[in-house]
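Subject: Structure handover

Hello,

I am passing a structure on to you, with notes on what turned up in it. Please look at the sequence and the model first, then read on.

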Amino acid sequence: MTVRYSHPPEDERDGVHLTEHLQDVAERSRHIVSEDAQTPAGESLLDLVETLAYVHDFGKATTYFQEYLLDSVHPDPEPLRHHAPLGAFVAYDALDARGFETESCLAGFVAVAKHHGSLPDVAEYVYKRSHRRDGISPGAETSKERRQKLIAKQAVDIRENAPEIAETVFDWATNGKRSVHEFIDEYPSLLNNIESAVSADGSVSDFSYETLSDTCYSLVLESWGSLVLADKTSAAGVSEDTDRFGSLYAAKQPNFERLDEHVHRLEREANADPNGTRRERLNHHRSRARNTVLRNAEEFGENEGNVATLTLPTGMGKTLSGLSAAFTIRDQLDGDRVIYALPFTSIIDQVVDEVEDIYDTDSTGRVLTAHHHLSETTIEDDDEKADLNDDVSGMLAESWRAGLTVSTYVQLFESLAGPSNGQSMKLPALRDSVVILDEPQSLPLDWWKLVPRLVSMLTDRYDATVIAMTATQPRLFENAIELVDEPTSYFETAERVEYEIDPSVERYIEDQTGAKSYADAAEQVIDHGETTSSTLAICNTIDSAKRLTERLDERLDGAISIGSAYKDALFEAGSIDVVDPSSLAEDINRKSDQGVLHLSTRLRPVDRLTLIEIAKHLTERGYPLITVSTQLVEAGVDISFDRVFRDLAPIDSIVQAAGRCNRSFERERGHVTVWWLDVPDEQTKTPAEAVYNRGVALLPVAANTIEDVRAGRTTIPEVDLARDGIEEYYRRLKNQKNVGKQEYVEYVDQALAGQLADLSLIDQRRTVDIVVCRTKADRNTVREIEDATARYDFATVETRLKELRTKQISVPIYQDDSKEAREIADFPTIAETDIRWIDPTTTRYEDFFDADMGFLVPDDTVERRFL
């Protein structure tokens, strides 16, 4: 047989023969795609993907591609070297010959055409690839005619120069129902058939999105994602030992029994008495809540439910109850995986740490994977015979092959809505999975109609089950089954706080004037701090938190800066790994009577986590600590304050903020004050208006709902705001016409993958990543990267860059000519990356970092410019 390579000989490694690669990808697809998975038309999805596997690289058999692969001189026109277009047409023809429906053939066509790229808007792409008219002058050869000739020329070249391969591939792909000769002979009519499938009137006049069903997009995703995963892992680590593929792609499930045993051990160690102290009553009701969740989850699984909600207040064991429910449903439905999705990377590590302790594992194994941009995501193979390299390990982890994957909404929903090529590889893992959506109210309002559509895709097309879990349920999903019996009873049991409404909020409701000054806010915090042990003030913006911290510093004599104390400890230790939060907290407690802590995203992630741990130790000691923070403390931060102040915000954010108050019933009632803070320097809107009145005006809805729930009372009981207020707030919000963009749903229904790819769950403003080297160890890591780059040791470069991820911050650039943009442009980059770095211990950059406030851009003085 004529030798044709899919991957050339390289670095003393043998090349991979094309037919071996095609067989390998087909074999892998059998372990990636479930045998019972079907297309919307009821056909075998496995048969479809296996067919694509056999033909996806068929175009590599041309002499043009082989010369390109093996020689440095390429005399032929570049399009003749492109292999995907021919493979796409062969895929359509092979599927058609096997009796697949037209839309399934179209999905295969697009999947092969884009197995090295991103998905396009399907109907337009299919039409234009077979019938391009763009840029054609009168009398000239059309793009369609040129494309026809090129692809026909490639097919003829394979038939004449690699006939054995051509016949073998067609025999595999079509079960002997089609030959390369028939394909070439009927190729012109095939073009018209494809074109007509997406045309407006069945002719070749124009294309129409309406010709596709609303399940077309999901079918393209499934086909494409499965092919890409099989192809990429094959190319990175080809093995003739196909028997092990089952274990290679299989999940190792964290079992329910281990989790159940862990929870029962916690319950045995805690005093639980329905008639005892408040804490004992809480322990009793926490256990009762989990038992009802398990009972309802088992019934839900037996009835093969699609979407469930789990609504419990903070401190009622929501995380462990949610995982218990997910494992129960997984086992009921004989599923494979659990996906735990969260809105913020900052709270992923807490869930991962807890699971690691329960199962005595780490996040690089087949039981558990942590996948977000700050994590080092790999799966290590237990089989010593495995030939996986690091790339394959990373691919498998980022493809969510572990039994439990903890990741972000960005990774989950952007992989369903216009994913990149790499993101597509996780799609097969969603089949038969249980997906936990923790804190779904945090999803951007623009996505509130799209997310239910994507969830219906998960449940309908992937046979997945979804659990939406939060204390502030936004009711995004119709006909969802609640797993908690009488949730209100648990809110009443767990009532820890009462809400006070500051007069500034009343003034906002009346005429949006009279916000609270930072001097008055600082005064109020200090006055209350004299009678309470710890206080937290949550601001809406970094500038606002900075201003309030400065006012507190001006008023407090003798209070220690926690950030400065941490800076001294970090300098003395020389490495973050040496700083012990408990010992530092003990030292602070011994040296001072009161402390002030500032938290924001301008501090490095590793510093924020350490400072929060220090604060936790201090508050547990009853130390009088005042903390000023942005919203980063609202979700998943296990720390308790006696009093909380919250700048005006949507009610769900206010309730989340209250979750940081009196968490363990340190007192009979904690107090949460809602105020409306004034405009910081150089701003034109109050922070609340700047953040929450963009696009949809959330503040009037929130403020008026609060006023109605208060009903003239001095304070609002927690359950009234956390239950009645939340439900009324979301009811009013959904009546707003501009909540959720209907066009996003239409993008899915019309298979507009290109449009979906432009969407994002996170703010797409330009940012610059800056590594802040605060220690000798940080600076040494930068030098190691520079040295490794110079010797082309890119494995070391990648490893060291991952080590720096928790030491870097992202600074938004709103205007190219802004002060931030000008200053940051002068920062040095790390090796050949776009990541910049500074050493704030040097004179040149000392003004760019403050121990309390984090990264900042100083005033552009003459003196500083000459340093």
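Before the strands are discussed, one term: two strands are said to pair if DSSP finds at least two bridges between them. Note also that this is a predicted model.

**β3 and its partners**

Under that definition, β3 and β8 pair in the parallel sense, with five bridges. One of the residue pairs involved is Val-307 with its bridge partner Val-466 in β8. Strand β9, residues 481–482, also pairs with β3 in the parallel sense, over two bridges. There, Thr-309 stands opposite Glu-482 of β9.

How many of the five residues of β3 are buried? Strand β3 covers residues 307–311, and five of its five residues are buried. Val-307, Thr-309 and Thr-311 point one way from the strand, while Ala-308 and Leu-310 point the other way.

Helix α19 spans residues 450–461 and contains Thr-459. This threonine has a relative accessible area of 8%. The cut-off for buried is under 20%, so Thr-459 counts as buried. Leaving aside residues up to four places away in sequence, Thr-459 touches Asn-306, Val-307, Ala-464 and Val-466. The C-alpha atom of Thr-459 is 9.9 Å from that of Val-435, a residue 24 places away along the chain.

Asp-463 lies in the loop between α19 and β8 (465–470). Its phi is positive, about 55°, although Asp-463 is not a glycine. With a relative accessible area of 45%, Asp-463 is partly exposed.

**The eight-stranded sheet**

Another part of the model holds an open sheet of eight strands, in the order β12-β13-β14-β11-β15-β16-β10-β17, with mixed pairing. β12 (560–561) and β17 (715–717) are at the edges and have a single partner strand each, so one side of each has no neighbour in the sheet. As background, strands of a sheet pair through backbone hydrogen bonds, either parallel or antiparallel.

Why is β15 described as largely enclosed by the rest of the structure? Strand β15 runs from residue 643 to 647, and five of its five residues are buried, so the rest of the structure largely encloses it. Both of its faces are covered: Arg-643, Phe-645 and Asp-647 are on one side, with Val-644 and Arg-646 on the other.

β15 has these pairings in the sheet:

- Strand β11 (residues 534–538) pairs with β15 in the parallel sense over four bridges. Ile-538 has Arg-646 of β15 as its bridge partner.
- Strand β16 (residues 670–675) runs parallel to β15, and five bridges join them. Asp-647 stands opposite Trp-675 in β16. From β15 the chain passes through α27 to β16, and this β-α-β crossover is right-handed.

β16 is also joined to strand β10 (residues 497–501) by five bridges, again in parallel. In that pairing, Glu-498 stands opposite His-671 of β16.

The loop between α27 and β16 contains Asn-662. Like Asp-463, whose phi is about 55°, Asn-662 is a residue other than glycine with a positive phi, near 55°. Is Asn-662 buried or exposed? Its relative accessibility is 0%, so Asn-662 counts as buried, whereas Asp-463 is partly exposed.

**Cavities**

A search of the whole structure found three cavities of 30 Å³ or more. Which residues come closest to its centre? Of the 13 residues in its lining, they are Pro-313, Thr-314, Arg-496, Val-655 and Glu-718.

By class, that lining has nine nonpolar, two polar and two charged residues. Helices α27 (651–658) and α30 (718–734) each supply at least two residues of the lining. α27 is also the helix in the right-handed crossover between β15 and β16.

Regards

Methods. Residues are numbered from 1 along each chain as its sequence is written. This is a predicted model: local features need pLDDT of at least 70, side-chain atom pairs count only at pLDDT 80 or more; totals for chains, interfaces and linings use all residues. Side-chain values use heavy atoms; hydrogens and water are left out. On a 1 Å grid over the protein atoms alone, a cavity is a set of points where a 1.4 Å probe fits but cannot get out, and a pocket is an open set with protein on both sides within 12 Å along at least five of seven lines; lining residues have an atom within 4 Å of a point. Grid points are joined across faces, edges and corners, and a volume is the space filled by probe spheres set on the points. Ala, Val, Leu, Ile, Met, Phe, Trp, Tyr, Cys and Pro count as nonpolar, Asp, Glu, Lys and Arg as charged, and the others, Gly among them, as polar. Buried means under 20% relative accessible area, exposed over 50%, partly exposed in between (1.4 Å probe, protein chains only). A crossover is right-handed if, with the strands pointing away from the viewer, the path from the first strand over the helix to the second runs clockwise. Contact means heavy atoms within 4.5 Å.
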